[in-house]
Amino acid sequence: MSGEDAPASVSLDRLFELAEVLGAMMARGVAERGLTTARAGLLWALLHDGPMTQRALAARLGVTPRNVTGLLDALQADGLVAREAHPSDRRATLVSLTAKGRTVTNALRGSRTSMAAELFGDMPATQLEAFQGELEVVIERLRAMG
């Protein structure tokens, strides 16, 4: 590795470490609420985007409709989501959060808010803005790499 490549490689190693640490924390946090990461992601999508069809959920999550069906079966059995006939498309099923589902997703959001405050609450605004800007650059480059 050349001297010029070392900082870039170290930065990538740190990103992998960050992804690993965040992933483990997220898995632990959702498991404490009786969820998997995939189920939590589905609930999060419904919280942010509101009720939607199973097909729209599959597209939003980047998974197959069959995969969504399995996730929904488990979440419905736990009382976290409800499936109803779509009001204007008799071939579609509309999925929404139940009151219990909203309680769980609000608890997840509260944990995220607390973690953000603990991580970044004492960081000066200018430093936080610079950090966010650099993250945006990295995210855009990663997306471009495909």
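Begin by selecting helix α4 and, on its other side, Arg 66 and Ala 77, which are exposed (over 50% relative accessible area; buried means under 20%, and partly exposed lies in between, with a 1.4 Å probe and protein chains only). Helices here are DSSP runs of H or I with at least four residues, numbered from the N terminus.

The model is predicted: local features need pLDDT of at least 70, side-chain atom pairs count only at pLDDT 80 or more, and totals for chains, interfaces and linings use all residues. Residues are numbered from 1 along each chain as its sequence is written, and side-chain values use heavy atoms, with hydrogens and water left out.

Colour the protein by pLDDT, the predictor's confidence in each residue from 0 to 100. The mean is 92, and 97% of the residues reach 70 or more. Confidence is lowest in α1, with a mean of 92, and highest in α6, at 95.

Return to α4 and select Val 68, Leu 71, Leu 72, Ala 74 and Leu 75, its buried residues. Viewed down the helix axis, these buried residues fall within an arc of 165 degrees, so they line one face of α4; the arc is taken from the directions from the axis to the C-beta atoms. An α-helix has 3.6 residues a turn, so residues three or four places apart point the same way. Next, check the ends of α4: its 13 residues (65-77) should span 18 Å at 1.5 Å a residue, and the end C-alpha atoms are 18 Å apart, which agrees. The expected span is 1.5 Å times one less than the number of residues.

Now display the largest pocket, which holds about 1,200 Å³ of space. Of its 31 lining residues, Leu 22, Met 25, Met 26, Arg 112 and Met 115 are the closest to its centre. A pocket is an open set of points on a 1 Å grid where a 1.4 Å probe fits, with protein on both sides within 12 Å along at least five of seven lines; lining residues have an atom within 4 Å of a point. Volume is the space filled by probe spheres set on the points. Helix α1 gives the most to this lining, with 11 residues.

Finally, select Ala 8, Ser 11, Leu 12, Leu 15, Glu 134, Val 137, Val 138, Arg 141, Leu 142 and Met 145, which line the second largest pocket. About 200 Å³ of space lies there. The largest share of its lining, 6 residues, comes from α6.

Terms used. Helix = DSSP H or I, 4+ residues; strand = E, 2+ residues; numbered from the N terminus.
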